[in-house]
Amino acid sequence: MELFVTIIGVLMASVFSGNIVFGQSMAVCQLLGSSKKMNTAVGVGTAVLIVNVLATVICFALYRLLVYLNLEYLRIITFLLITVALVSGLNILMRKVSKRLHRSLGVYLPLITTNCAIFQVMNITVNSVLGQSYTFWQGFGFAAVYGVCMGLGFLAALVLMAGVRTKNETALIPKPFRGFPIALITAGLIAMVFAGLRFSGF
Amino acid sequence: MDKKHFKQTLLGGFVSNPVFVLVLGLCPTIAKSTNIVDAFALGAATAFVLICTNVLVSLLKKAIPDKIRLISYIIIIAGFTTLVDIFIRAYLPALNQTVGSVIPLIAVNCLILGRADSFARKNKVGYAALDGASMGIGFMIGITLLGAARQLLGMAGLSVFTTAAGGLLLLGLLLGLYNYIRSLIYTARKKRTRTLRRIKPNPFKGGKSQ
């Protein structure tokens, strides 16, 4: 029961108050780049979710190895290589398994190679999970839960943003604000709502 | 050196500023520009990594096969970022307390990968270094301006601008202002050329109009 409560707590914290995009302002370039259409937003969000889960789990295990070998300064290269390997591996796998899956999800995979969100989630996972004295499997489980929750948070942010931006397209906006500026202001306003959730005690 | 190309590269960071025009590399920009010192330090670190990466990519452009070029660039960038990370940890412990958590994020800055892929791999070393310096300084100026604005507004009592939401909002407003000023300059220049043409006819067009 206690475990269940903890998981719900992590879920709420990472989707609402500590949302990776609106709470911690990571992956803003990705947010602006791929939220013009709802289809793209859902595709990119799902791809990030999948890569996030696999990446946190793998990086947790690999970081333990790095600590064991006293090679902690290699963590930036390791994290990036994990992401790149996962992205290209999943891309090839999807193309082989089914054409439809590749068309709806695989084409967005190369876009997320340099996604700050995935990198930051790995960073946070390593810092928070390794700080406590979990056993290997407990830490493994927490890393997986953390990956799922942060990925869900990113997906939610992207879908919200895409919904507002499709409305923005038909709105009458002053000329200097068209394009990126209004998208940034929209993101700022949504982020304020998320900050409000934090103050209200979510 | 070709003079026109040289000038274009030199002014690249200002005409197409990474923060205000290209809107690249925003994640650290917004996360850590709450005060001017942090913003400047982060900008300088990013500029350093950008210049080094551009030079190395340009030197290795024949050695790197086309198919695996992105992975190679990522490893180069990660290497330089590690260098900066270790340097700051060792020599600037006060800075490490504040910006230490976002220094690793330089490795996933889309600006650096973008410049390596779109400029450095097609140009000579000198141009690549110049482009890195110009873009890096442009990024530094942009992020420092944003940091200064946020710190000022925060000191004036509008503490909302020091949060993530305020950063996004302020950057959007600044971008709008930048676009507005640019359009003003553009129309002024257009008007000037039109008036000039009315006063004395264009000598390259032939004297038929008279």
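**Exercises on a predicted model**

In this predicted model, let us start with a helix of chain B, where B:Thr9, B:Gly12 and B:Gly13 of H1(B) are buried.

**Exercise 1.** Find what covers the buried residues of H1(B), and describe the course of this helix.

*Solution.* Begin with the cover: it includes helix H2 (18-22) and helix H8 (125-155) of chain B. Next, take the length. H1 of chain B runs over residues 3-15, and its 13 residues reach 17 Å from first C-alpha to last, close to the 18 Å expected at 1.5 Å a residue. Finally, look for a bend: H1(B) has a kink of about 30 degrees, centred on B:Thr9, one of the buried residues of this helix.

**Exercise 2.** Classify the ring pair of A:Tyr63 and A:Phe79, and say which helices the pair ties together.

*Solution.* Over all chains there are seven aromatic pairs. A:Tyr63 sits in helix H3 (residues 38-69) of chain A and A:Phe79 in helix H4 (residues 75-97), so the pair joins parts 16 residues apart in sequence. For burial, the cut-off is under 20% relative accessible area: A:Tyr63, at 10%, counts as buried, and A:Phe79, at 2%, does too.

**Exercise 3.** Now follow A:Phe79 to A:Phe119 and classify that pair.

*Solution.* The ring centres lie 5.9 Å apart with planes at 75 degrees; edge-to-face requires over 60, so the pair of A:Phe79 and A:Phe119 is edge-to-face. The pair links helix H4 with helix H6 (residues 116-131) of chain A, 40 residues apart. A:Phe119 is buried, with 1% relative accessible area.

Notes: Residues are numbered from 1 along each chain as its sequence is written. Chains are lettered from A and ligands numbered from 1 in the order in which they are written. This is a predicted model: local features need pLDDT of at least 70, side-chain atom pairs count only at pLDDT 80 or more; totals for chains, interfaces and linings use all residues. Side-chain values use heavy atoms; hydrogens and water are left out. Helices (H or I, at least four residues) and strands (E, at least two) are DSSP runs, numbered from the N terminus. The expected span of a helix is 1.5 Å times one less than its number of residues. The bend at a residue is the angle between axes fitted to the seven residues ending there and the seven starting there. Buried means under 20% relative accessible area, exposed over 50%, partly exposed in between (1.4 Å probe, protein chains only). Contact means heavy atoms within 4.5 Å. Rings of Phe, Tyr and Trp (its six-membered ring) pair if their centres lie within 6.5 Å; planes under 30 degrees apart count as stacked, over 60 as edge-to-face and the rest as tilted.
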